[in-house]
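Colleague: Thanks for sitting down with me over this model. Could we go through it by question and answer?

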Amino acid sequence: MKDKIQEKFQTLFGEGGEVFASAGRINLIGEHTDYNGGYVFPGAIDKGIMAKIKLNGEKKVRAFSLDYDEYCEFGLNEEDKPEQAWARYIFGVCRETIKRGGKVEGFDTVFAGDVPLGAGLSSSAALESTFAYALNSLFNNNIDKFELARIGQSTEHNYCGVMCGIMDQFASIFGKAGSLIRLNCKTMEYKYFPFDPKGYKLVLIDSCVKHELASSAYNKRRASCENAAAAIRKNHPDVEFLSDAKRLWLEEVRDEIPEEDFLRAEYVIGEVQRVLDVCDALERGDYETVGEMMYQTHFGMSRLYEVSCEELDFLNKLARRCDVTGSRVMGGGFGGCTINLVKEELYDAFIKTAVEEFTAKFGHAPKVYDVVISDGARKVE
Ligand code: ADP
Ligand code: MG
């Protein structure tokens, strides 16, 4: 990837320039916890975006996307928003940096990536983080890392029409090889935990389906959580978010809320605890417990929160049968990937079985992505 970028850059823009990169992300555990003020537990992966960048002394950006084989030129004012979707991510990062008082002037860039698009690995956050980090460095803006993540998030909100949370950009900016990061979505406090599963592989199996229910179901889940939290708050006024509640406090209001809301809340409260349990297990290097928690999350997402689907339940069951250590749906649900922690010696058999049986049942092959927890945003050279 780097050689291709260097070569194209040389052809289009000549000598000089600096190389920056950032990464896509996984979330090991902690799903549907963000809007409940709970924990998420992401890490950056060995798939990302790389960009070579050189200041051009003008008031415009000249960008070439190797993967789209497309060139785009745009100014730095609000009205200069480019046509191409990929260029809007770069433009948005420039604008959001400027809005925060940062300096941004014209630059030339060639970039490429290897995060599969739309697979739940956040290629868009990798793209934003690469440029947010790079511009901060090139123009000595001294914007702190949290704000760099927010620049990416605001880019999605204001220039790409995606109302995302902060997790993806946070992971992409803060990610470190051999570490996952537990982020408290209420206080924004974070802590690194060791993740170096020797003898295991982390692999995603992409069902390549996206069921349409996702957005209306998401709103309904949020409403259920808020309803349960409100009922608990009557007894325990300090409960701001559902994640603040103890399991027992939910039990106290069982008869006051619809059963559906109870089940949703049961999942969320359990999930917040599972993140903490996984962190404890990682400090002991106990990957078997980590795996068991992943299965419990899948069960909760499938039976209590009801955001799984036939394809994902199939992959989860199959993982159990192949003695995979941990497996669960990753992301919001209704399609996308499962994330699997599997012993190296079982890996080949698992992948073979998953691909064969999934294809036979659903008529299309799943995609398989190995991931290694790696560094996030950084200067390469
Ligand atoms: P994801 O879940 O992978 O973040 P999104 O739809 O949010 O999916 O973002 C994908 C978009 O990000 C692409 O349509 C493209 O505009 C941009 N993008 C991601 N990776 C690249 C890349 N390697 N080159 C150019 N644009 C990219
Ligand atoms: Mg995205």
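Colleague: How many bridges join β3 to strand β6?

Modeller: Happy to start there, with the reminder that this is a predicted model. In the open sheet of 6 strands, the order is β5-β4-β6-β3-β1-β13 and the pairing is mixed. The bridges that join β3 to β6 number 7.

Colleague: Which strands stand at the edges of that sheet?

Modeller: The order of the 6 strands is β5-β4-β6-β3-β1-β13, and the sheet is open. Each edge strand has a single partner, so one side of it is left without a neighbour in the sheet. The strands in that position are β5 (70-75) and β13 (378-379).

Colleague: Which residue takes a positive phi in the hairpin of β4 and β5?

Modeller: Strand β4 (residues 60-65) and β5 run antiparallel, joined by 6 bridges. Within this pairing, V61 has F74 of β5 as its bridge partner. The hairpin has 4 residues between the strands, and the one with a positive phi near 55 degrees is D69.

Colleague: What is the bridge partner of L183 in β8?

Modeller: For this we move to the open sheet of 3 strands, ordered β2-β7-β8 with antiparallel pairing. β2 (39-40) and β8 (190-194) are its edges, each with a single partner strand, so one side of each lacks a neighbour in the sheet. Strand β7 (residues 179-184) is joined to β8 by 5 bridges. In β8, L183 is partnered by Y190.

Colleague: Now the domains, please. How far apart do the C-alpha centres of domain 1 and domain 2 lie?

Modeller: The protein is divided into domain 1, covering 2-195 + 375-379, and domain 2, covering 200-371. Their contact takes 29 residues from domain 1 and 42 residues from domain 2. The distance between their C-alpha centres is 27 Å.

Colleague: How much area do domain 1 and domain 2 bury between them?

Modeller: The size of an interface is often given as the accessible area lost when the parts come together. For this pair of domains, 71% of the buried area is on carbon and sulfur atoms. The total for domain 1 and domain 2 is about 2900 Å².

Colleague: Which elements give two or more residues to the side of domain 1 that touches domain 2?

Modeller: Let's begin with the polar side of the interface, where 13 residue pairs are in polar contact, both residues at pLDDT 80 or more. By class, the side of domain 1 that touches domain 2 has 14 nonpolar, 8 polar and 7 charged residues. The elements that give two or more residues to this side are β1 (18-27), β3 (42-55), β7 and β8.

Colleague: How many salt bridges are counted between domain 1 and domain 2?

Modeller: Side chains of opposite charge can pair when their charged atoms come close. D244 and K186 form a salt bridge, at 2.9 Å from N to O. Between domain 1 and domain 2 the count is 4 salt bridges.

Colleague: One last pair: with which residue does R25 form a salt bridge?

Modeller: The count of salt bridges comes to 31. R25 lies in strand β1 and its partner in helix α5 (residues 167-174), so the pair ties together parts that are 143 residues apart in sequence. The closest N and O atoms are 2.6 Å apart, and the partner of R25 is D168.

Key: Residues numbered from 1 in each chain as written. Chains lettered and ligands numbered in written order. Predicted model: local features only at pLDDT ≥ 70, side-chain atom pairs only at ≥ 80, totals over all residues. Heavy atoms only, no water. Pairing = 2+ DSSP bridges. Domains from an automatic or database assignment. Contact = heavy atoms within 4.5 Å. Buried area = accessible area lost by both parts, 1.4 Å probe. Salt bridge = Lys/Arg side-chain N within 4 Å of Asp/Glu carboxyl O. Polar contact = N/O pair within 3.5 Å; in protein donor to acceptor, adjacent residues only side chain to side chain. Nonpolar A, V, L, I, M, F, W, Y, C, P; charged D, E, K, R; others polar.
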